[in-house]
Amino acid sequence: MAKFDYDIGVIGGGAAGLTVASGASQLGAKTLLIEKEEHLGGDCLHYGCVPSKTLIKSASVYQLMKESAAYGLPAVDPGPVDFARVAERIRSVIERIQKHDSVDRFCRLGVWTEFGPARFADEHSVEVGDKVFTAAKWVIASGSSPAAPPVPGLSEIDYLTNREIFSLDRLQESLIVLGAGPIAIEMAQSFNRLGSRVEVVQRSGQILSKEDRDMADTVMEKMAAEGVRFHLNSKVRGVKKEGGEIVLSYEDKNGREIEVRGEKILVALGRSPNIEGMNLEAVGIDHDRRGIKVDARLRTSQSHIYAAGDVNGVFQFTHVAGYEAGVVVSNAVFHLPRKVNYALVPWCTYTRPELASIGMNEKMAEKSEAEHRVVIEEFSDNDRHLAEGGGAGRLKLILGPRDRPLGVQILGIHAGDLLAEWVAAMNGKVGLSTIAAAIHPYPTLGEINKRVCGSVLSEKIFSARVRKALTFFFNFKGRACKPGDLN
Ligand SMILES: Cc1cc2nc3c(=O)[nH]c(=O)nc-3n(C[C@H](O)[C@H](O)[C@H](O)COP(=O)(O)OP(=O)(O)OC[C@H]3O[C@@H](n4cnc5c(N)ncnc54)[C@H](O)[C@@H]3O)c2cc1C
């Protein structure tokens, strides 16, 4: 008789859990999937990537309508936004994607799904309500939730997080956004574009603080030009409700007390791992406030229990959750030791302009003291960018010894898609000369990638030394035209 009911049990039906479950089951492991909520899909589908990108699209179409005259079109007054209809569109996109993440589909893949909060009874047994399931191996993929910062007064008011913001029944007249990370900034721009008056309050002196300052500042300048107000270097003192309004008070860098007022407040100040109620202490799984501690093979302090996705607190992206799920399947199902390698994790903030990144940025290169130089290519030299009316745009290439790319940051329209070529090149260790020599379709933004590589190589090709050698060997006569000849 089998010792355990299942070969592998997965806790959490989001990006990481679904990928582990489908992979394990298709490889022949008897797989159980446990999801706390009523539907599979997790935060990304219901309260994260999908609703936020759908909202961003609605907001950018509305913005384009308002900017129609800049494209040589009749100026239009599109009228106020009915947010209930935007929320309806968000719901319909979620519903369509939900079909890929249905219990039916997972059953066809061989996975048994149970709904309810999972709680460890012992190292191999997990309770869901009054049922107990045993598995040889477990994977905790329970994700994260918005962190509740210790701001005086916050727990006494009705504040918004990413769980409520996509299903509002009407557009708020004004919105305070607490935090300036990717989620906060994407939402601030979208709600401002849709017509809310938005004020962003941030403790440090920079938005998107992981990014290089020049790139993040360009995003901020664009948003400020559209009407978002920024309060940087702000020490929040507290929030309260006063006369139907939220009042947030902070101390600015000069020690002055400032008040910001808004109809609602969106709190986007980081994430906490979903570990509450799982009885991790009882089974000896180490964790801290950031998440469940894992080794390079994503094993927890109980080596038959793995943790993947947001819950381990390393990177909190859907694509990283998917990557980590693959590493778990290798280790737990294939029994092929595989370690995570986060050196080339790309990410993108979907503002206008977008800000995408892979590898080291300038800030990281300076901190690591790695030998490096920075090459910048402005989007303004790209024909397609001009045709699109693309606004601010810049690519920063961080080069290491022998011009090996250490990292790339791209700011501009479709930056996330433009980054794909660098994802392939850096993972495949493709040199700049290959990208520079490859034929790219004209006119595309992709030519920016080719051009920056070309500019690095042209420093060598068109150097005085090469010119001198060619002149010597082939007896070239030199310039046919010099500045001033045309006067
Ligand atoms: C507004 C917003 C926008 C985002 N945009 C992007 C983006 O554009 N790109 C990107 O890469 N990432 C984005 N993210 C991050 C992304 O959503 C997460 O990184 C991703 O969802 C993590 O996947 P996961 O499987 O670890 O967790 P989740 O997808 O959250 O899945 C965890 C699942 O576990 C379940 N669960 C929790 N506790 C238990 C329990 N005790 N028992 C059973 N089940 C449990 C939860 O209900 C949930 O369904 C965004 C996040 C937010 C909030």
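Predicted model: local features only at pLDDT ≥ 70, side-chain atom pairs only at ≥ 80, totals over all residues.

Reader: How far apart are the sulfur atoms of Cys44 and Cys49?

Author: They are 2.3 Å apart, and the two residues form a disulfide. That puts the pair within the 2.5 Å cut-off for a disulfide.

Reader: Remind me, what is a disulfide?

Author: A disulfide is a covalent bond between the sulfur atoms of two cysteines.

Reader: And how many disulfides does the count come to?

Author: The count comes to 1 disulfide.

Reader: Is Cys44 buried or exposed? And what about Cys49?

Author: Cys44 counts as buried, because its relative accessibility is 18% and the limit for buried is under 20%. Cys49 is partly exposed, with a relative accessible area of 29%.

Reader: How does Cys481 count, at 39% relative accessibility?

Author: Cys481 counts as partly exposed.

Reader: Back to Cys348. Which residue is its bridge partner in strand 18?

Author: That's Ala356. Strand 17 and strand 18 (residues 354-359) pair in the antiparallel sense, over 3 bridges.

Reader: What holds strands like that together?

Author: In general, strands of a sheet pair through backbone hydrogen bonds, either parallel or antiparallel.

Reader: OK, what is the order of the strands in that open sheet?

Author: The order is 17-18-21-20-19, which makes 5 strands with antiparallel pairing. Strand 17 (347-349) and strand 19 (373-378) stand at the edges; each has a single partner strand, so one side of each has no neighbour in the sheet. From one strand to the next, the twist averages 15 degrees.

Reader: Which strands does helix 11 lie across?

Author: Helix 11 (residues 415-427) lies across strand 17, strand 18, strand 20 (394-399) and strand 21 (405-412). Its direction is at about 170 degrees to strand 21.

Reader: Changing topic: where is Thr300?

Author: Thr300 sits in the loop between strand 15 (271-273) and strand 16 (305-307).

Reader: Buried or exposed?

Author: Thr300 counts as buried, because its relative accessibility is 7%.

Reader: What does the side chain of Thr300 reach at 2.8 Å?

Author: The backbone oxygen of Ile305. A polar atom of the Thr300 side chain also lies 2.9 Å from the backbone oxygen of Gln302.

Reader: And which residues is Thr300 in contact with, leaving aside its neighbours within four places in sequence?

Author: Those are Ile285, Ile292, Lys293, Val294, Ile305, Tyr306 and Ala307.

Reader: Let's zoom out. How many helices and strands are there in the chain?

Author: The chain has 14 helices and 21 strands. It has 487 residues, of which 47% count as buried. Its C-alpha atoms fill a box of roughly 90 × 60 × 45 Å along the principal axes.

Reader: What about contacts across the sequence?

Author: Take the contacts between residues at least 6 apart in sequence: 61% of them join residues at least 24 apart.

Notes:
Residues numbered from 1 in each chain as written. Heavy atoms only, no water. Helix = DSSP H or I, 4+ residues; strand = E, 2+ residues; numbered from the N terminus. Buried < 20%, exposed > 50% of the residue type's maximum accessible area, 1.4 Å probe, protein only. Polar contact = N/O pair within 3.5 Å; in protein donor to acceptor, adjacent residues only side chain to side chain. Contact = heavy atoms within 4.5 Å. Pairing = 2+ DSSP bridges. Axes fitted to C-alpha atoms, helices over the stretch in contact; angles between N-to-C directions.
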